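Here are a few friendly notes to read alongside the coordinates.

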Amino acid sequence: MSVVQTSKLIPYAQINTKQSNYIIRSQVAWLNVLEGGKRSSKNITNLIAWAMSLETHPDKLHLAAGYTQGTAKMNIIDSNGFGLKWIFAGRCREGLYQNIDALYINTPTGQKIVLVAGGGKINDLARIKGFSLGTVYITEVNECAMPFVQECFDRTLASGRRQIFMDLNPKPPRHWFYLDVLDFHMERQKSDPTYGMNYAHMTIVDNMSLTDDQLRRELATYDRDSQWFKRDILGLRTSASGRIYEGYSYKGMAVTREWVKKQFFIDFSVGVDVGGTDATVATLNGFTANYDTVVGVDGYYHKQGIDSGKDHAQYAAEIANFILPWTKVYPRLAASYVFTEAADKLFRQALRKALDDIGLQGMTITPSYKKDGILDRINTMRILINQGRKKMAEHMAEWFQAYEMAVWDVDKYADKEWVRVDDGSYPVDCLDSDEYSIQPFKPRLITGG
């Protein structure tokens, strides 16, 4: 066993208001979660909060956990001189407790034993079964196995002062930790302010150990339109790997309404995707001379969900009424094509009737073009984006989100045919709708007129 020697005071930087409020709330909250970007001081803030709790906690046994035991030791016990063994230097020692690595801490309320365990695998939960824990700190919690995290919640049920601390870097919005854990408790806190959840989101700006000059230099090394910047620096729930539209940037695609009004369009089309229980989307695209540029002029987006209460006729009527005003601006649109989901014949019939009812008998409704498969549609769009030939009106927020967040579904890769993730984590129906509108014009777009 090794004894941690007394050291000088830990050289903390100034704590900001957000960090201070989180630490204060943590002393009465039972669930404490810090989420955000890298180097945002999440770990250090939680260590201070947890150490304060351990100092006065009535229970003896506690747990420090991470993806592996090594991760837990590195982030919680040591943490580059800011971990528990340094906070409690001179009154703690490292050892074993029932063959599990542990940190023994002497406090005014008695000795505390902090077990150190990994939780990245389902069978890791066997290491903590049977223990009754007072508090738990799980670092990088969304990297751990869901059954292990659930077991940590269960192991604290009999605590004299139940407290759980967590930190995490963001994952895509449909990650199990959000769906099965965090979203539930945040909703409970929202509906009941006394529920006892303490949450804060932090970014690198909250790291007060960085000077303004250091911060500027670090931020200057990132492309601010990239997924990487949004995930690691802004701490947003997005994916920075497996991007489909690698040439996409908001600045490169977005155009103002005034810019759109100045364009001369030689052709138009509308693509419609009927999203079932997800979203129904219609995208109006205009094509400039020689089919040089495709411009998303406007879009209809309705996130319906399972209980939308609308049927095909209602969605068809809304889309028809979305199209009608644009035929006054662009009369040629009234004689153009509407490409709709190929598998939904009933919707095409409903849309035909809706268009006829408002005087748009000249519009042709045809099934979406899928002969060459979704990968061909995706590649067509990638070519247009990479060449700077795909533009979109800046108010079409869901479409921009879709292009930004679209990633390959590596779990469904088969026969060398890639498909994109379609799990509801981003508005993928906007991509289908946009592609339906554009793909029939591929020969003209690729060859130029």
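1. Let's begin with Y291, which sits in the loop joining β12 (279-288) to β13 (294-303). Please keep in mind throughout that this is a predicted model. The phi angle of Y291 is near 55°, a positive value in a residue other than glycine. Is Y291 buried or exposed? Its relative accessibility is 8%, and buried means under 20%, so Y291 counts as buried.

2. A positive phi also turns up at E140, again in a residue other than glycine, with a value near 50°. E140 belongs to the loop between β7 (135-138) and α5 (146-155). Here the relative accessibility is 26%, so E140 counts as partly exposed.

3. The largest nonpolar core has 66 residues, and the members that touch the most others are Y245, I323, L333, V338, L355 and Y403. Which helix gives the most to this core? That is α11 (residues 312-329), with seven residues.

4. Setting aside neighbours within four places in sequence, Y245 is in contact with I378, M381, R382, I385, Y403, A406, R420, L431 and E435. One of these partners, Y403, is itself listed with Y245 among the core members touching the most others.

Terms used:
Residues numbered from 1 in each chain as written. Predicted model: local features only at pLDDT ≥ 70, side-chain atom pairs only at ≥ 80, totals over all residues. Heavy atoms only, no water. Helix = DSSP H or I, 4+ residues; strand = E, 2+ residues; numbered from the N terminus. Buried < 20%, exposed > 50% of the residue type's maximum accessible area, 1.4 Å probe, protein only. Core = buried A, V, L, I, M, F, W, Y, C linked by side-chain atoms within 4.5 Å. Contact = heavy atoms within 4.5 Å.
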